[in-house]
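Hi everyone, thanks for coming. I'd like to walk you through a structure this morning, so let me put it up on the screen.

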Amino acid sequence: MDAAQQEATARARDLQRSWYGEPLGALFRRLIDDLGLNQARLAASLGLSAPMLSQLMSGQRAKIGNPAVVQRVQALQELAGQVADGSVSAGEATARMEEIKKSQGGSVLSGTGQTTTSGGAPTVRRVVREIQSLLRSVSAAGDIIDAADSLAPTHPELAEFLRVYGAGRTAEAVAHYESHQN
């Protein structure tokens, strides 16, 4: 790999970190390990081709273009956490992966799709990730920061919202979300 390719890969991984909280290679490897999958099965569960998954993992591609795939990634992350904490068995996980594979996505904010905890409420992280995804789908982080800077003198709360959700880390956005709940 030449220097230009290395720079492009590093830039893609930085973008992935800002959009998804970490590089997709690390995220997908963890899902593979936690759910006992191989790359082909993970790609099938997400609704991606194996080459596309490989390009995302290696940093040859930065962004998952299909919002339904992003939501399937989030659903698999939630499932992997449930398997890890013992609240879902391996057999149940297999059945849930089939459901996730068939899902068309859906919005936490509109109340559709598979976006809830076992108790029926959307998880804070899922809501936050959807807000981040929506903002980041309409503008790059730098442009969001510029807009926030423009709004700051007259609308500081809105500027903070744009900075935190549009360009901040997921953990910061979760803390912001939780601090603004009743």
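**Salt bridges, a pocket and a helix**

Let's start with Arg17 and Asp14, which both sit in helix H1, 3 residues apart, or about one turn of the helix. Keep in mind that this is a predicted model. In an α-helix there are 3.6 residues a turn, so residues three or four places apart point the same way. Here Arg17 and Asp14 form a salt bridge, with the closest N and O atoms 3.0 Å apart. Arg17 is partly exposed at 32% relative accessible area, and Asp14 is partly exposed too, at 48%.

How many salt bridges are there in total? The count comes to 4. Another one joins Glu22 and Arg30, at 2.5 Å from N to O. Glu22 is buried, with a relative accessible area of 17%, while Arg30 counts as partly exposed at 36%. Then there is Asp149 with Arg163, where the closest N and O atoms are 2.8 Å apart. That pair links distant parts of the chain, with Asp149 in helix H8 and Arg163 in helix H9, 14 residues apart.

Now to the largest pocket, which has a volume of about 290 Å³. It is lined by 15 residues, and the closest to its centre are Pro67, Val70, Ser133, Leu134 and Ser137. Which helix gives the largest share of the lining? That is H7, with 6 residues.

H7 also has buried residues, among them Val127, Ile131 and Leu135. The buried residues of H7 pack against H1, H5, H8, H9 and H10.

Technical notes. Residues numbered from 1 in each chain as written. Predicted model: local features only at pLDDT ≥ 70, side-chain atom pairs only at ≥ 80, totals over all residues. Heavy atoms only, no water. 1 Å grid on protein atoms, 1.4 Å probe; cavity = no way out; pocket = protein on both sides within 12 Å on 5 of 7 lines; lining within 4 Å. Points joined across faces, edges and corners; volume = space filled by probe spheres on them. Helix = DSSP H or I, 4+ residues; strand = E, 2+ residues; numbered from the N terminus. Buried < 20%, exposed > 50% of the residue type's maximum accessible area, 1.4 Å probe, protein only. Contact = heavy atoms within 4.5 Å. Salt bridge = Lys/Arg side-chain N within 4 Å of Asp/Glu carboxyl O.
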